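User: Hi, I'm new to this one. Could you walk me through it?
Analyst: Happy to, let's have a look together.
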2 protein chains.
Amino acid sequence: MTSRRGHPAGPTGPVVSRALALLDLFTVATPQHTVSQLSRLSGLPLSTTHRLVAVLNQWGALERGADGRYRIGLRLWELGSLAPRGQGLRELALPYLEDLSQITRENVQLAVREGTELIFVERIAGSGAVPVLTRVGGRFALTATGVGLSLLAHAPDEIQTAVLDSRIERFTPRTVTDPLRLRRMLADVRRDGYAVSDRQVTLDAISVAAPVENGRGEVVAAVSLVVRHGTATVQSLAPLVRTSARAISRTLASSS
Amino acid sequence: MTSRRGHPAGPTGPVVSRALALLDLFTVATPQHTVSQLSRLSGLPLSTTHRLVAVLNQWGALERGADGRYRIGLRLWELGSLAPRGQGLRELALPYLEDLSQITRENVQLAVREGTELIFVERIAGSGAVPVLTRVGGRFALTATGVGLSLLAHAPDEIQTAVLDSRIERFTPRTVTDPLRLRRMLADVRRDGYAVSDRQVTLDAISVAAPVENGRGEVVAAVSLVVRHGTATVQSLAPLVRTSARAISRTLASSS
């Protein structure tokens, strides 16, 4: 399978890849497109784009609005709800996240790693908590947030190297962008069992995160509390987050 | 577009359709498959299945587990979260659904119509409420539940006819399966502005539902309360559900 995964062979690969590449053009920033836009952005001829969009629309991956533009269809959402690392994890973790939210009244986040980035699987906004700009289904860098550092610390070596060798985005003056310093932080995360992002994403917030493991001891997600800087200590938050992460891990292990 | 939608033309159509048909084999009941199973279930040659699975896996529509089986991938969940009728509607409606849940302590559901069925977009289980077996992303018949009757009452004529001409599933002795009686019920739903399912799904529950409209006055979803039979009157529930549905409609209209 490995060679095929890298280079899908045969005539089937390219056509399907083209259809999937059309879907890739739908993002949070650009959630709707006309066929002409899709053709221009993909570089595919208009006639090919028309045919592929027709197939995707018929199946339900795309839906045509009253304005003639296409959007991601409900069928894709329905199918996506079967992803164990998305909706499956979310539903399993939700009771624990809600407990954490109700006890602390702070923001609670759950994220998984996808390649060299993270995707937020759930967020519960605390009543009166510091505003957090994350979105369920949204992506973020692994290097800045508590959940990101937690996931990166337990990622395979090649992922850590790929992330630390790339440009590391700066969000605030306190964002750590020095690869060596990040490597030391990741070692601390593994030793301590939790990760701290101290005003590295916004200057008014800190987050404390802990890893969620599956039944084979692999880190598959991370859970965090995000609180306003100065209102709570890491020492008070870390045990809460770690306890919650362990409870989710336990449920995950017994469900698989 | 219409003719193309029905019969995607050209050599691109069939290959992409085959890949999409492989994805269709993943369901709530069968969320994981080996390549051999996919080949057998789809009727595609093993080599073709291997190639298509490789492309889908590489893109992230499928993910290979430690057991060698494939599951729906996180990328599909991520992309699905862009569906306006799924996650988009859910996030917009959630504050109102939570209000309804906290005020009544009963089950709250939000559903949309997909063809001749409904899909649950959100459900909030009431604390101590009657158990409800719905699942976010799950499908159900339009003829039995409150949300289903509400959606069917406002569906195009051809959908109503298709549903009423098909076999109508019976869930309890009280499920209405007579097409003529259902037609009269749908007329009542349109007249009253709400739908009632009285022990038609389970013998211990009734649901009251109201339609959610978009800015063009089209019914795009339905919201319901599901309560234990005998604990509340339709007359007390209907105004609550209708008020909530209107609030969601208003937000929907102003967001589009």
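Analyst: This is a predicted model.

User: Which residue stands opposite Val212(A) in β9(A)?
Analyst: That's Ala221(A).

User: And in what order do the strands of the open sheet come?
Analyst: The order is β6-β5-β4-β9-β8-β7 in chain A, 6 strands with antiparallel pairing. β6 (139-141) and β7 (195-198) of chain A each have a single partner strand, so one side of each is left without a neighbour in the sheet. From one strand to the next, the twist averages 30°.

User: Which strands does helix α6 of chain A lie across?
Analyst: Helix α6 (residues 84-104) lies across β4 (107-114), β5 (117-124) and β9 of chain A, and runs at about 50° to β5(A).

User: Switching topic: how many residues are in the largest nonpolar core?
Analyst: It has 152 residues, and Ala111(A), Val223(A), Ala111(B) and Val223(B) have the most contacts inside it. Leaving aside neighbours within four places in sequence, Ala111(B) is in contact with several residues, among them Leu118(B), Phe120(B), Val147(B) and Ala222(B).

User: Now the two chains. How many residues does the contact take from each?
Analyst: 49 residues from chain A and 49 residues from chain B. Elements giving two or more residues on the chain A side include α2 (12-24), α5 (74-80) and β4. α4(A) gives the most to that side, with 9 residues.

User: What's that side like by class?
Analyst: The side of chain A that touches chain B has 27 nonpolar, 14 polar and 8 charged residues.

Definitions and conventions
Residues numbered from 1 in each chain as written. Chains lettered and ligands numbered in written order. Predicted model: local features only at pLDDT ≥ 70, side-chain atom pairs only at ≥ 80, totals over all residues. Pairing = 2+ DSSP bridges. Helix = DSSP H or I, 4+ residues; strand = E, 2+ residues; numbered from the N terminus. Axes fitted to C-alpha atoms, helices over the stretch in contact; angles between N-to-C directions. Contact = placed C-beta atoms within 7 Å. Core = buried A, V, L, I, M, F, W, Y, C linked by C-beta atoms within 7 Å. Buried ≥ 20, exposed ≤ 12 C-beta atoms within 10 Å, placed from the backbone. Nonpolar A, V, L, I, M, F, W, Y, C, P; charged D, E, K, R; others polar.
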